[in-house]
Amino acid sequence: MLAPEKVQEKTTPLTRQQLAELMPSAQGLLSDEPEMEHSLHALQLLILVSCLTRLWQDRNDYFLAWNLTVYYSREQLKSKDFRGPDLFLVKGVENRPRPSWVVWEEGGKYPDLIVELLSESTAKVDRGEKRELYERVFRTPEYSLLSNQGVQ
């Protein structure tokens, strides 16, 4: 006997308004990222931030952050499975300070560029779980891994 085919339910995407109503306020959602592992990461971040800031100095429609948590779903808040890229850039938003990036408070915008600085303790997660999250959920168009040997 053949097994019945699984029926896939079609879900209707939520509007920005509906998503905002479902999610908690961003007030009090501070970044929960660990400190950098060593001085090389600080130097790499300094160079990247300096270059991107210089490149985009005449623009005010982007947000550039490093070591800042990206809050993206209710499930993430419940499980406390916080994910923050080492560096990320979001285009088409107001350039102002933020204590964290809260997707539902930013019109559903996810990072357009993510850079992860690889170390022995983070390489497996950066290449696996984080990459999958950034590709599947965030749909980030530009994702780079940097190690002591350069881009990977």
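Rings of Phe, Tyr and Trp (its six-membered ring) pair if their centres lie within 6.5 Å. By this rule the count comes to eight aromatic pairs in the structure shown above, which is a predicted model.

**View 1**
One aromatic cluster is formed by Tyr-72, Tyr-110, Tyr-134, Phe-138 and Tyr-143. A pair of aromatic rings is described by the distance of the centres and the angle of the planes. Tyr-110 and Phe-138 form a tilted pair, with 5.1 Å between the centres and 40 degrees between the planes. Tyr-110 is in the loop between strand E4 (101–102) and E5, while Phe-138 is in helix H5, so this pair ties together parts that are 28 residues apart in sequence. The relative accessible area of Tyr-110 is 22%, which makes this residue partly exposed; that of Phe-138 is 4%, which makes this residue buried.

**View 1. Two separate nonpolar cores are found in the model.**
The largest nonpolar core has 14 residues, and those with the most contacts inside it are Phe-63, Val-70, Phe-88, Trp-101 and Phe-138. Two or more residues of this core are given by each of strand E1 (62–66), strand E3 (87–91) and helix H5 (129–138). Helix H5 supplies the largest share, three residues. A second, separate core has 12 residues, including Val-49, Leu-64, Leu-89 and Val-115. Which residues does Phe-88 touch, not counting residues up to four places away in sequence? They are Phe-63, Leu-64, Ala-65, Leu-68, Val-70, Trp-101, Pro-111, Leu-113 and Ile-114.

Strand E5 (residues 113–117) is mostly covered, with five of its five residues buried. In a regular strand the side chains alternate between the two faces of the sheet. In E5, Leu-113, Val-115 and Leu-117 point one way and Ile-114 and Glu-116 the other way, and all are buried. E3 and E5 run antiparallel and are joined by three bridges; Phe-88 stands opposite Ile-114 in E5. The pairing of E5 with E6 is in the parallel sense, over five bridges. There, the bridge partner of Glu-116 is Leu-145 in E6.

**View 2. Salt bridges join charged side chains.**
The whole structure contains seven salt bridges. In one of them, Arg-59 is joined to Asp-61, with the closest N and O atoms 2.9 Å apart. Arg-59 is partly exposed, with a relative accessible area of 38%, and Asp-61 is also partly exposed, at 30%. Glu-94 and Arg-96 form another salt bridge, the closest N and O atoms being 3.5 Å apart. Arg-96 has 34% relative accessibility and counts as partly exposed. A network of salt bridges links Glu-94, Arg-96, Arg-98 and Glu-106. In helix H5, Arg-136 and Glu-132 lie four residues apart, about one turn of the helix. These two residues form a salt bridge with closest N and O atoms 3.4 Å apart. Arg-136 is exposed, at 52% relative accessibility, whereas Glu-132 is partly exposed, at 46%.

**View 3. Two arginine side chains lie over aromatic rings.**
Arg-59 lies over the face of Trp-56, at 4.1 Å from the ring centre. Arg-98 lies over the face of Phe-63, at 4.5 Å from the ring centre.

**View 4. Two loop residues have a positive phi.**
Most residues other than glycine have a negative phi, and most peptide bonds are trans. Asn-67, although not a glycine, has a positive phi of about 55 degrees. Asn-67 is placed in the loop between E1 and strand E2 (70–71). Arg-139, likewise a residue other than glycine, has a positive phi near 55 degrees. Arg-139 is found in the loop between H5 and strand E6 (142–147). Is Arg-139 buried or exposed? With a relative accessible area of 66%, Arg-139 is exposed, because exposed means over 50%.

Note on methods:
Residues numbered from 1 in each chain as written. Predicted model: local features only at pLDDT ≥ 70, side-chain atom pairs only at ≥ 80, totals over all residues. Heavy atoms only, no water. Core = buried A, V, L, I, M, F, W, Y, C linked by side-chain atoms within 4.5 Å. Buried < 20%, exposed > 50% of the residue type's maximum accessible area, 1.4 Å probe, protein only. Contact = heavy atoms within 4.5 Å. Salt bridge = Lys/Arg side-chain N within 4 Å of Asp/Glu carboxyl O. Pairing = 2+ DSSP bridges. Phe/Tyr/Trp six-rings, centres within 6.5 Å; stacked < 30°, edge-to-face > 60°. Lys NZ or Arg CZ within 6 Å of the ring centre and 35° of its normal.
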